[in-house]
Amino acid sequence: MEGVLDEPDPQILSRARRGDTGAFEVLVRAYQADVWRLSLHLTGDYNLADDITQDAFIRVFRFLPRYRGDSKFSTWVFAITRNCALDELRRSKRRQVLADRAKMERRVEEVEHATGVEVRDAIAALPLELREPLVLIDMLGESYRDAAKVLGSPEGTVKSRVHRARQQLAEVLGASAKENHDEA
Amino acid sequence: MRPETTCSEVRGDLSALIDGELSSERAAIVEAHLAGCASCRAEEASLRAVRRLVRVQAVEDIPDLAPKIMARIAAGRVQALDPWRERFRIAAVSAAAAALIVLGASLPFDRTGDIAAASDITHEVRAAARVIDQYRATFQIVERGWHPDVPVRRMTADISFRSPEDLRLEVRDRTEYPSEQWPPNDVSLVATSAKWWIEEPSSCPPAALPQCASPVTWAGVTERRVVVDRQPFDGSSSLPTDIVLPLETLASAESFDVEGTATITGRRAYELHLPYRHAVPLVKALQAGGAWREFHPLDPVALWIDAETWFPLAFEVTAGTSPDRALWAERLELDDRPGATLLRVTATRFSEPVGAPSDIFRVPSRGLERDGGFTETIDVDVPEPTYVAGLRPYRYGQTAEGHQLATYTEGMNYLKVVSGTRLVSASALQAAEEIELPGDKGVAYYLPATETLGRRIDLIVGRDGVIQLHTNLPRAELIRIAASLPTGGRAVMDRFVKGSGVTIQRVDLPGAFDTFRFSAEPGYMPSGYEARSAMRAVTIDGVRTLTVYLRQAEAEFDGLGIRIVQSAPVDFLPPSSEEFVEVRIGEHVGRWAAERGELEWLDGHTYRAVSVPSVDLYTAVRIAESM
């Protein structure tokens, strides 16, 4: 499935914890796609996503000695990413950017099916608290439990929010969702 | 087959069913319902379709950022945390995430076109304090009325800050003084977590200038002091961080008004109005050393705060206009025209640099040395709160007195946990608020922030153990942190007898004013004040006294709040050698000791006194007349 990562090799992890940059680069390469996607969908801005991804990995590197395996590594990395993204949102007050379609479409690949853009816009239009669990669960393949850890909210909240997110999307996408379903 | 469960019971579970997140029992129930309910099946199908669409979305043109990340790490700008920090137990930190999660709900408030409410600004400044990393700014200072011979002084101040505790402040005096005898008001302050250094002109009372200063070079009249082994977030060598972000100045939404928006140095700003007594940490931030003019507690202050970064862009103190203020100025021999601008501070530039040159915060070691007595060690036994508001473990060690301490920080925010015996005496907690901690954690004693110390909670544990929490987080957070300590607190001895035979006892709130038949309750309290502590005392010859402290919730920069003392039987006001002013309070004549800010009067055989901070007679009379 899309976005589901195996836990990192314990040896790589332990070398990275001791400051081995080669080992850390292995982790960056394994996780950067998901970190970037999470950043993008939380902020809706490609440039911010690039910045946040970098900042998040810098923080991961700094705090790695403190990661002690209480959670999955990906969960821990996503929590840090989310913090960087929220910091960035707070700092640059770019919430309005979320609704800024022009930016969202800027780098959309031309080959992509038109429905893709529509869905992307619909996701971007969700309120942050619904978008967060949706992105974590559907795009990054996190379980409800791990998503709850990343978000620091109860599992029940995550469950009802991802459900509400999908309901809202179903409403917005109505026709195209059905169409897609019928094809399938 | 008829569904045994209703649609509404099942629908909320449909997403979880699709995701395989339901227990097998629950899944079976939902599946059974679906088998017999076409409309729920349609809903499920639509949710599945959406889920698939979202998952297909996951294909993106993802940039490879690894080279940039690795370059930043290789450039040495990033270092992994010290290994000693790693040894600190992060209280099981629910998935390490809790320690890093920043107030998910505190996104920028929507202020399109609206004037932000004071509480929004308080909230935003707090949020900004949490994320601040580095800051540099230059301010221009124009001060009037410092000395009769020097009507105007002009200075510049450069400030650099790196969270949580590195700071450098340079004040350079550009004033043209009447002669070279006058010492320039040049001040330098450099501090890091362990060391603190200041260079300033020797203190000469303005009235004694210029004779008091040595005329040749300033070498002999410049003082240098250094604190080594400084305790983290030490109040006696504190850092003037309110000029970076006015966290304490704006700690309580009740202490300032939002006047409107303005454009200051090309930036959108909120204009806030507050009396000097609430703005002390901000105004005094650039006055960490040297000689400066005084302000009356009620002198109006206007502050322009950047609407985006929440950094202060400018502030201005003007002379108040009350008769009370005129008396005060006369006493200090100040010749201020009411309404005149006394101080104006304007930022000429500010930035949040990434990676300042590391020698900016190098602390010089010349100077009169004081040992802060702090020994850094990981071998401390400090009770650990399970909730630390997302702050990260920082430094810990032992004080000269043998108290153990642990600190936590994030951005500008800090929490200090100190544990030891005989940290505080019972009488010192009289003016503190007794708080019932949530979760049956007993009681704790709360004190608002002062000019140099953070908000504080004391827990009395065991026979003479004390756990003290110091922080610049809001009161509500502090209480939550205190309640998450492994040990609960107990009440200070309920009743104690002083050497002189006076029995003192804490009185429950509310209803404290009903303690004695003679005690009266004021109908008026200034905004932000509440009765937070009350004590009753009885002397051996039967004089009973009720003392009630009215205090603010977050911060008080002017003493112990408002104190109301009522005593009976008393037949005359205690003799006093002080100068006082006679004041009419309803049908009684009282006396006002301006120096102490106390209004006293006799009401039959009852003595009443209202002590107001910040020598404000108007407030005292208003409270007195409402009793």
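Q: Two strands count as paired if DSSP finds at least two bridges between them. With that in mind, in what order do the 12 strands of the open sheet in chain B stand?

A: Strands of a sheet pair through backbone hydrogen bonds, either parallel or antiparallel. In this predicted model, the order in chain B is E7-E8-E9-E10-E11-E1-E2-E3-E4-E5-E6-E12, and the pairing is mixed. At the edges lie strand E7 (257-264) and strand E12 (368-371) of chain B, each of which pairs on one side only. From one strand to the next, the twist averages 15°.

Q: In which sense do E7(B) and strand E8 of chain B pair, and over how many bridges?

A: The sense is antiparallel, and seven bridges connect E7(B) with E8(B), residues 267-275. To locate the pairing in the structure, one may look at Ala262(B), which has Ala269(B) of E8(B) opposite it.

Q: Which strands form the edges of the open sheet of eight strands in chain B?

A: The order of this sheet is E13-E14-E15-E16-E20-E19-E18-E17 (chain B), with antiparallel pairing. Its edge strands are E13 (375-376) and E17 (433-436) of chain B, each pairing on one side only. E17(B) runs antiparallel to strand E18 (residues 443-447) of chain B, and four bridges join the two.

Q: How is the packing of two helices, one from each chain, to be read?

A: Two packed helices are described by the angle between their axes and the distance between the axes. Here, helix H2 (residues 21-43) of chain A packs against helix H5 (residues 66-74) of chain B at an angle of about 150°, the axes being 10 Å apart. Angles over 145 degrees count as roughly antiparallel, and H2(A) and H5(B) are therefore roughly antiparallel to each other. Their crossing is right-handed.

Q: Which residues of H2(A) and H5(B) meet?

A: On the H2(A) side they are Thr21(A), Glu25(A), Val28(A), Arg29(A) and Gln32(A); on the H5(B) side, Ala66(B), Ile69(B), Met70(B), Ile73(B) and Ala74(B). The residues of this contact comprise six nonpolar, two polar and two charged.

Q: What percentage of the residues in chain B is buried?

A: Of the 627 residues in chain B, 42% are buried. Chain B contains 11 helices and 29 strands. Among its contacts between residues at least 6 apart in sequence, 61% join residues at least 24 apart.

Technical notes:
Residues numbered from 1 in each chain as written. Chains lettered and ligands numbered in written order. Predicted model: local features only at pLDDT ≥ 70, side-chain atom pairs only at ≥ 80, totals over all residues. Axes fitted to C-alpha atoms, helices over the stretch in contact; angles between N-to-C directions. Buried ≥ 20, exposed ≤ 12 C-beta atoms within 10 Å, placed from the backbone. Contact = placed C-beta atoms within 7 Å. Parallel < 35°, antiparallel > 145°, perpendicular 65-115°, else oblique. Left-handed = near helix turned anticlockwise from the far one by under 90°. Nonpolar A, V, L, I, M, F, W, Y, C, P; charged D, E, K, R; others polar.
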